[in-house]
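Student: I am new to this structure and would like a close look at the salt bridges. Which residues pair up, and what surrounds one of them? Please take it slowly and define the terms as you go.

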Amino acid sequence: MTVRTIITPENPVLRKKAHRVTDVSDPKLQTLIDDMVETMIEAPGVGLAAPQVEVSQRVIVVRLPDDEGSVEEYGDQAGVLYTLVNPELVRVSDEVVDGIEACLSIPGYYGSVSRHQAVTVQALDRRGKKVRVKAKDWLARVFQHEIDHLDGVLFIDRATEIWRAAEESAEADDEITGEEAAANQKTER
Ligand code: ZN
């Protein structure tokens, strides 16, 4: 496995609509997935979409941390690795919630973003089997953030407010719910 380079918005791949995967068994796709998992964990982050490593394919990986605090807060969703190919939001809650997000492709920035509180994602797993994942709260937010990447959409497009990390107060740091800073969080990541 290889840690790949995470691209930033200067690279146009990040803004392209990614292609649907047609052959899940393709060894190149399997290698991509392995590399994405390693890249996400090394970053560290809680989610990564293929366009972030310059591959315009509809693949995301998501994994909430499994430290003691996260297990307490997220229960059996903590520490589960989701590898989703061609993911789609098939159900979303009417309820939307504001939360603070960050992105590995936009280092040093945070933003306040409204997201559906709960979603159901339909996708293929890495063996090509159809799966449905129900998610709420932080996990639902991460799925929405990652699926946005597959359409070239970044959290800064949706944010009602954006600020630099240096402007962050210590209190707000505890509420960050985006991809970034998995290692820094006391309770969430
Ligand atoms: Zn992102």
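Tutor: Start with Asp66, which is partly exposed because its relative accessibility is 45%. (Under 20% relative accessible area is buried, over 50% is exposed, and partly exposed is in between, with a 1.4 Å probe and protein chains only.) Before going on, note that this is a predicted model in which local features need pLDDT of at least 70 and side-chain atom pairs count only at pLDDT 80 or more, while totals for chains, interfaces and linings use all residues. Residues are numbered from 1 along each chain as its sequence is written, and side-chain values use heavy atoms, with hydrogens and water left out.

The partner of Asp66 is Arg63, and their side chains form a salt bridge with N and O 3.1 Å apart. (The rule asks for a side-chain nitrogen of Lys or Arg within 4 Å of a carboxyl oxygen of Asp or Glu.) Arg63 is also partly exposed, since its relative accessibility is 24%. The general idea is simple: side chains of opposite charge can pair when their charged atoms come close.

By this rule the model has 13 salt bridges. One of them joins Arg20 to Glu88, whose closest N and O atoms are 3.4 Å apart. These two residues sit in distant parts of the chain, 68 residues apart: Arg20 belongs to the segment before α1 (27-42), and Glu88 to strand β3 (residues 81-92). (Helices, H or I with at least four residues, and strands, E with at least two, are DSSP runs numbered from the N terminus.) Glu88 is partly exposed because its relative accessibility is 40%.

Elsewhere, salt bridges with shared partners tie Glu101, Arg115, Arg141, Asp148 and Arg158 into one network.

Return now to β3, the strand that holds Glu88, and look at other residues there. Pro87 also has its place in strand β3. In contrast to the partly exposed Glu88, Pro87 is buried, because its relative accessibility is 2%. Pro87 touches Arg58, Ile60, Val121, Gln122, Ala123, Ile147 and Leu150, leaving aside residues up to four places away in sequence. (Contact means heavy atoms within 4.5 Å.) One of these, Ile147, is 60 residues from Pro87 along the chain, yet their C-alpha atoms are 7.0 Å apart.

Asn86 lies in strand β3 as well. With a relative accessible area of 6%, Asn86 is buried. Its phi is positive, about 50°, although Asn86 is not a glycine. As background, most residues other than glycine have a negative phi, and most peptide bonds are trans. Glu54, in the loop between β1 and β2, also has a positive phi, near 65°. Glu54 is partly exposed because its relative accessibility is 48%. A cis peptide bond runs from Ala43 to Pro44, with omega near -10°. Pro44 lies in the loop between α1 and β1 (47-49).

Apart from residues up to four places away in sequence, Leu84 is in contact with Arg58, Val59, Ile60, Val121, Ala123, Leu124, Val131, Val133 and Phe143.

Asp125 is in the loop between β6 and β7. Asp125 is buried because its relative accessibility is 11%, whereas Asp66, where we began, is partly exposed. Leaving out residues up to four places away in sequence, Asp125 touches Val24, Thr83, Val85 and Val131.
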